[in-house]
Amino acid sequence: MPLRIIFMGTPEFSVPTLAALAAAGHKIVAVYTQPPRPGGRRGLDLQKSPVHQAAELLGIEVLTPLNFKDAADRQAFRDFDADVAVVVAYGLLLPEEILSGTRLGCYNGHASLLPRWRGAAPIQRAIMAGDHETGMMVMKMDKGLDTGDVALTKVVAIGSEMTAGELHNKLMLAGAGLMKDAMDKLDGGELPLTPQAEQGVLYAAKISKAETRIDFSKTATEVHNHIRGLSPFPGAWFELETGGKLERIKVLSSVVETAGGETGTALFDDLTIACGDGSVRLTRLQKAGGKVLNADDFRRGTPVPAGTRLS
């Protein structure tokens, strides 16, 4: 029999999983997502989340509680009489009453190889740390932060030039197929559960604004990983003096080079910048409010000659 599923998710990352579960024939009895937020060009229009929009296209009832502190919201969840809740990047910590509010519990699609990178930013943290692989895991949720038993795993390689945006898209699709398989196995009573290892726990804290600035005193590899781990969002950046004022420049991609010199200084005219060890050549850049440009196009409008100091 198809499962009665409550789906809980918010960003684009969650949408393929919702679509895969619906296409597999399971009954999505409700979708929970974050409430509409101000957006648009002027930030004045309320915009529904990607999951909200996808659910409406599928004709599924959508609920957007701010949290589950209200007893009526908790009761409404239970009243759906669901077999299971599927959670993918929902954006809220779920109270125990919700975790136990379905017949078979709540299963989360998490973008790391647990217990490494529990928490909010596993994709960015894996790249920034120089990891060579990550993956998707389907985990049965408990009251801890990503501490539940693991059901299924899909390993995904991280290429040396791969950005967070590229890895996001790979994991998004891998996660959809993995969760579909997990729910099919759960429906058949064949879903295994394995406790997470006690060793190797790392936490993927939310990316703070303070850490997005590029520190050229680090090694070239560390700077390169920092840049691609924050690309395209929120973006690593440096400041460059142009026209007598400091301008913030976002960097979306780079290449590790071997040339060395004074840290934070352009070594050549091609945006090769000296790091604490080696250098990085900046290959895609963006001024505030401007388009993303390759290095050649950027330098035509904003020359960065050898000897220029970046901060």
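This is a predicted model: local features need pLDDT of at least 70, side-chain atom pairs count only at pLDDT 80 or more; totals for chains, interfaces and linings use all residues.
Residues are numbered from 1 along each chain as its sequence is written, and side-chain values use heavy atoms, with hydrogens and water left out.

Let's start with the helices (DSSP runs of H or I, at least four residues, numbered from the N terminus). H1, residues 15-23, packs against H6, residues 164-187, at about 35°, with the axes 8 Å apart. Those axes are lines fitted to C-alpha atoms over the stretch in contact, and angles run from 0 to 180 degrees between N-to-C directions. Contact here means heavy atoms within 4.5 Å. H1 brings Pro16, Thr17, Ala20 and Leu21, and the H6 side includes Met172, Leu173 and Met183.

Now the cores: each is a set of buried Ala, Val, Leu, Ile, Met, Phe, Trp, Tyr and Cys residues joined through side-chain atoms within 4.5 Å, buried being under 20% relative accessible area with a 1.4 Å probe, protein chains only. The largest has 40 residues, and Phe7, Leu18 and Met183 have the most contacts inside it. H6 gives the most to this core, 10 residues. A second, separate core of 25 residues includes Ile207 and Phe298.

And our leucine? Leu246 sits in strand E13, residues 245-257, strands being DSSP runs of E, at least two residues. Leu246 counts as exposed (over 50%) because its relative accessibility is 52%. Beyond four places in sequence, Leu246 contacts Glu239, Leu240, Glu241 and Ser311.
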